[in-house]
Amino acid sequence: MPVKPRFALLVCSLVMATGVFAQTRLNGAGATFPYPIYSKWFNEYHNQHPDIEINYQSIGSGGGIRQVTAGTVDFGASDGPMTDQQLADAHFKLFHIPTVLGADVPAYNVPGVTQSLHFTPEVLAGIFLGKITSWNDPQITKANPGANLPNQSIVVVHRSDGSGTTYIWTDYLSKVSSEWNSSVGKGTSVKWPVGLGAKGNEGVAGMIRQVEGSFGYVELIYALQNNITYGDVKNSSGAWVKASIESTTAAAASVKNMPADFRVSITNPPGKDAYPIASFTWLLIPAQSKDPAKGKIITDFLSWMLDKGETMVTQLNYAPLPQSVAEKERAVIKLIH
């Protein structure tokens with residue numbers, strides 16, 4: 001009789017060992033902007049495929065681009081599309097796969113001010129150029145009649161790491177301010193005229209929460225998760241718009257002809273309902289994986305993302321992909337192996 005339990009235990013051990021050895025682990029790194037939804041997706045996908053684990057490091061878009069280019073990860077992620085030079089430096093074909101849309105919001109911590117402030121493009125550029133330095137500056141008070149704005153210095157907070165969130169913010173400022181465009185420009189990292197740096201959306205959100213008088217930019221979900229007040233922005237149609245799923249979706253609707261490589265900017269779009277500081281975010285996928293088995297997993301995950309994952313995004317205040325973009329992606333996914 002004792003033999004049977006021992007045999008059963010041996011079989012069980014072999015099954016468990018086989019499961020461990022059969023597990024495939026994919027590694028990715030990059031943008032903090034979509035980290036909350038990526039964490040949810042990778043966890044859900046693992047629950048449905050216990051033999052597959054997708055590990056993602058939220059290190060910023062700049063780091064994601066560097067690591068996928070160096071081949072140290074299976075995929076990267078960025079909120080700012082790679083430049084032609086960066087794609088050339090990779091020496092292998094990389095696809096930009098849009099995943100969701102999100103928004104950068106102007107977040108602040110001003111004592112005594114709890115309402116949603118209004119920010120014009122000129123004020124946003126002026127603050128980050130170091131030309132508007134006090135919360136009761138006439139340009140801010142003019143846009144916010146009745147707000148009890150104090151005579152307090154503005155503590156500017158920006159990202160210290162290479163960041164797609166920064167790319168979106170500076171891409172917008174470059175479109176609405178000729179001075180910003182000529183003196184600072186756009187990029188995942190720029191030479192900031194003023195301000196304190198913090199790492200990741202998490203770091204910027206944390207600093208804004210802690211420092212009175214602070215002002216910075218974070219992805220919408222980080223403002224919501226940290227209970228940080230954020231303002232409305234005047235868009236290109238002259239309307240005050242607050243970041244939301246609906247206003248981000250309206251910004252995406254401005255893209256009439258999506259480029260074949262999906263590298264597109266939707267900041268400062270037309271449309272009275274469109275939020276002006278929004279963007280797609282992309283997974284950076286090698287066209288050919290070093291490991292064919294991993295390539296197959298990546299294509300399966302991407303199809304799952306479009307079929308199942310997109311239904312989860314609004315729970316975390318991201319906007320889902322337009323259907324037209326999702327259909328174009330399906331054709332590209334077939335080219336990955």
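Is Glu 179 buried, exposed or partly exposed? Glu 179 counts as partly exposed, because its relative accessibility is 33%; the classes are buried under 20% relative accessible area, exposed over 50% and partly exposed in between, for a 1.4 Å probe and protein chains only.

Before selecting anything else, note that this is a predicted model, in which local features need pLDDT of at least 70 and side-chain atom pairs count only at pLDDT 80 or more, while totals for chains, interfaces and linings use all residues. Residues are numbered from 1 along each chain as its sequence is written, and side-chain values use heavy atoms, with hydrogens and water left out.

**Stop 1: salt bridges**

Lys 131 lies in the loop between helix H5 (121–128) and helix H6 (138–143) and Glu 179 in helix H8 (residues 178–183), so the pair ties together parts that are 48 residues apart in sequence. Lys 131 is exposed, at a relative accessible area of 53%. A salt bridge here is a side-chain nitrogen of Lys or Arg within 4 Å of a carboxyl oxygen of Asp or Glu. Helices (H or I, at least four residues) and strands (E, at least two) are DSSP runs, numbered from the N terminus.

The structure holds twelve salt bridges. For another, select Arg 25 and Glu 53, whose closest N and O atoms are 3.2 Å apart. This pair links distant parts of the chain, with Arg 25 in strand S1 (residues 24–30) and Glu 53 in strand S2 (residues 52–58), 28 residues apart. Arg 25 is partly exposed at 40% relative accessibility, and Glu 53 is partly exposed at 28%.

Next, select Glu 327 and Arg 330, which form a salt bridge at 3.4 Å, N to O. They are separated by about one helical turn, because they are three residues apart in helix H13 (residues 323–333). Then select Asp 84, Asp 261 and Arg 263, which are linked in a network of salt bridges.

**Stop 2: strand S6**

Select strand S6 (residues 155–159), where four of the five residues are buried. S6 pairs in the parallel sense with strand S8 (residues 214–219) over three bridges, and with strand S7 (residues 196–198), also parallel, over three bridges. Pairing requires that DSSP finds at least two bridges between the strands. Pick Val 157: its bridge partner in S8 is Gly 216, and in S7 it is Leu 196.

**Stop 3: aromatic rings**

Rings of Phe, Tyr and Trp (its six-membered ring) pair if their centres lie within 6.5 Å; planes under 30 degrees apart count as stacked, over 60 as edge-to-face and the rest as tilted. The count comes to 22 aromatic pairs. Select Tyr 38 and Phe 42, a tilted pair at 5.9 Å centre to centre with 40° between the planes. Both Tyr 38 and Phe 42 are buried. Trp 135 and Phe 215 have ring centres 5.9 Å apart and planes at 65°, so this pair is edge-to-face. Trp 135 lies in the loop between H5 and H6, and Phe 215 in strand S8, so the pair ties together parts that are 80 residues apart in sequence.

Ring pairs also link a cluster that includes Tyr 35, Trp 41, Phe 75 and Trp 304.

**Stop 4: a charge over a ring**

Finally, select Lys 242 and Tyr 230. The charged end of Lys 242 sits over the ring of Tyr 230, 4.2 Å from its centre; the rule is NZ of Lys or CZ of Arg within 6 Å of the ring centre and within 35 degrees of the ring normal.
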